Amino acid sequence: MLDRISPFAVAVLAALVGVVFAIVFMEQESDVAVISMVAAAAVAAWFAGRIGVPERVARAAEINPGGVSAIAAIGGLAIIAAYAEDHFPLLMLATVMLYATVALGLNIQFGYAGLVNFAGAAFFGIGAYTSAKLVGSGVPAVLSLPLGGLFAALIGLLLVFPVVRTRGHYAAVVTIAFSVLFKTFLEVNDTFGGPQGLPVGAMNLFGWDFGESPTLFGIEASFYLNYALAAFVILALAFTLVRRLERSWLGLALDAVRLDETGAACYGIGIRRAKIFAFVLGNVIIGVAGALYGCMQGYVAPTSFTFSDSLIFVAIVLLGGMGSPWGMILAAAIVVVLPEKLQAIQEYRFLLFSIVVIAILLFRPSGLLPRRVRRYFPEGGR
Amino acid sequence: MSAEMLLDLEGVAKSFGGVRALNDVSFSVGRGEILGLIGPNGSGKTTSFNVLTGLYKPDGGKVVFDGADLTGATPQAVYRAGIARTFQRSRLCLELSIFDNIMVGNHGRLNQGLWHNLFARKALKAEHDAAFAEARELVALFSPALADTLYESVGALPMIERRRIEICRALIARPKLLLLDEPSAGMTHDETHQLMSDILSVRDRLGGLTIILVEHEMGVIERVSDRCVVLNYGEKIAEGTYQEVASDRLVQEAYLGSA
């Protein structure tokens, strides 16, 4: 049935359906409407899988990756534009994008290099606290965002030695310990506001005040539009970086290290170097996302960066599909939006995510959007 | 030892707890030679390979390769010096493509710079295209059909194709010395024969590559090796042409037990 349409047209149609669905879905208030729409989406996704939509979209992305990314970007901006006047949906969209960015960072560590990092929320928090401290003392946003990433990476260096020296479960335990330590450290430390946390001033980018409501085409938008757009830019940059990393010799070396350290060493790949590189780069991305998240929330507190939050980030990576950048965005959207829309499950969300993770590992270990065989360049070499 | 020797092992020893896996083992391999390394199970053949490639540090002795001391070197340094190996049990990355697996072997010749890989996509593309053409050519020497499917994942391929890809992965970086650890494992007699013919013809094209071959199939050893070294309980018990070692009393006892 789809054979008469070009793969690119299928991708455009799929994006259109997705955007309309997302806009309508976020309108819904009642639990019944939300649950019916989730059920409809599940059936539609199953049906789309049956008639080969994913293969065709992937094919379109292989032939014309720039075009498919552009469609996705336009789709994302369309959803943001549809809610330009509403605080709450914009905050939610920006959170989805920042969580997706964190998942992209974790994906470098976990999906490519095989380093399990259960301290994602801690590095996210380091970024947020960095901007709390810096924005308050008048450092411009252009600097505070990269510095958030830099500090996350620097403090992450404390963990490099144990994480790189130990293998598998032991490395995971080290990151769990760090995650718990981080929250306790913040709670007892007065410079960082103790358990109450710190207020974060509004961001200012070259005179563009993020606390002001922008006026577009005569409509006064919510000031969260600023943050949603900034989150969009950061997500787009992180996505491009991860995509390029995956499709390069560096990404290949990380895969080789994850799949077979001994084999990789016998072909000259520096195991430690590869792991340190992945760990640091991942933490930089997570820290930058955290720095923007701090500004957007307006305050930072230890309770936002707990071990449970780290587990949510790992759940996003598993749900989306390890190594699959598109999967990170889809999974972040599901994990952030669903509990917000379904107030009934809000309290049980950790329980639900645990069940989802177990189900994924049992029945679909490669995630919702499984990673595909690496192609370095569009139609490369054939 | 004489200057035309590519590799010298002198009195190499390796113990695991109380087990002497290698005890004072010395042998040499000349340039362009094919050396068969044989012996019963557990005689120290794979351990020799693991010491040679830096996976195990030897307890004593010396490894000299191409004039440089490689005793106790890291696996990465051994690879850079020009020694590549295959493994007894296939170590291909099954979820990666054929091309990816071969490029793992090409690691040292590909530009691993951060800027080059992430931001200089044009230069990367040129390098990629050249590497792809080279990999395709190499694979085609073994199997022309396989050369058209370099972007297929390795997991679906039969054993003989996987062996071929493993050997291509070892050959792509143009090593001076190739270590083949039981290439016949898991394959039928005919497949092994075919694979050895492929290796010999590729070797001729590459201009006299030096090979050390660990193998249980004596037919293979007889056919391809110039010289054999026989190990038993971690010690060298014989050395010479296949005919010489096959008629050696100690070797016969090692394989069949003493009468």
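A salt bridge is a side-chain nitrogen of Lys or Arg within 4 Å of a carboxyl oxygen of Asp or Glu. Between domain 1 of chain A and domain 2 of chain A, the count of such bridges is zero. Across the interface of chain A and chain B, the rule finds three. This is a predicted model.

**Two domains in chain A**

- Domain 1 of chain A brings 14 residues to the contact, and domain 2 of chain A brings 16 residues.
- Together the two domains of chain A bury about 1200 Å², with 81% of it on carbon and sulfur atoms.
- On the domain 1 side, A:Met26, A:Asp31 and A:Ile80 lose the most area to domain 2 of chain A, together 47% of what that side buries.
- Salt bridges number zero here, but two residue pairs are in polar contact (both at pLDDT 80 or more).
- Helix 1 (7–27), helix 2 (31–50) and helix 4 (65–82) of chain A each supply at least two residues of the domain 1 side.
- Helix 4 of chain A gives the largest share of that side, six residues.

**Where chain A meets chain B**

- Here 32 residues of chain A are in contact with 38 residues of chain B.
- The two chains bury about 3400 Å² between them, 67% of it on carbon and sulfur atoms.
- In chain A, the residues that lose the most area to chain B are A:Trp249, A:Tyr267 and A:Phe377, together 28% of what that side buries.
- B:Glu95 forms a salt bridge with A:Arg258; the closest N and O atoms are 3.2 Å apart.
- There are also 12 residue pairs in polar contact between chain A and chain B (both at pLDDT 80 or more).
- Helix 9 (224–246), helix 10 (249–259), helix 11 (261–266) and helix 12 (271–297) of chain A each give two or more residues to the side that touches chain B.
- Helix 10 of chain A gives the most, with eight residues.

**A sheet in chain B**

- Six strands of chain B form an open, mixed sheet in the order 6-7-8-3-9-10.
- Strand 6 (83–85) and strand 10 (235–240) of chain B each have a single partner strand, so one side of each has no neighbour in the sheet.
- Neighbouring strands of this sheet are turned by 20° against each other on average, direction ignored.
- Strand 7 (residues 177–181) and strand 8 (residues 210–214) of chain B run parallel, joined by five bridges.
- B:Asp181 stands opposite B:Val214 in strand 8 of chain B.
- Helix 1 (residues 45–52) of chain B lies across several strands, among them strand 7 of chain B, to which helix 1 runs at about 145°.

Note on methods:
Residues are numbered from 1 along each chain as its sequence is written. Chains are lettered from A and ligands numbered from 1 in the order in which they are written. This is a predicted model: local features need pLDDT of at least 70, side-chain atom pairs count only at pLDDT 80 or more; totals for chains, interfaces and linings use all residues. Side-chain values use heavy atoms; hydrogens and water are left out. Two strands pair if DSSP finds at least two bridges between them. Helices (H or I, at least four residues) and strands (E, at least two) are DSSP runs, numbered from the N terminus. Axes are lines fitted to C-alpha atoms, for helices over the stretch in contact, and angles run from 0 to 180 degrees between N-to-C directions. Contact means heavy atoms within 4.5 Å. Buried area is the accessible area (1.4 Å probe) that two parts lose on being put together, summed over both. A polar contact is a pair of N or O atoms within 3.5 Å; within protein, one must be able to donate a hydrogen and the other to accept it, and residues adjacent in sequence count only if both atoms are side-chain atoms.
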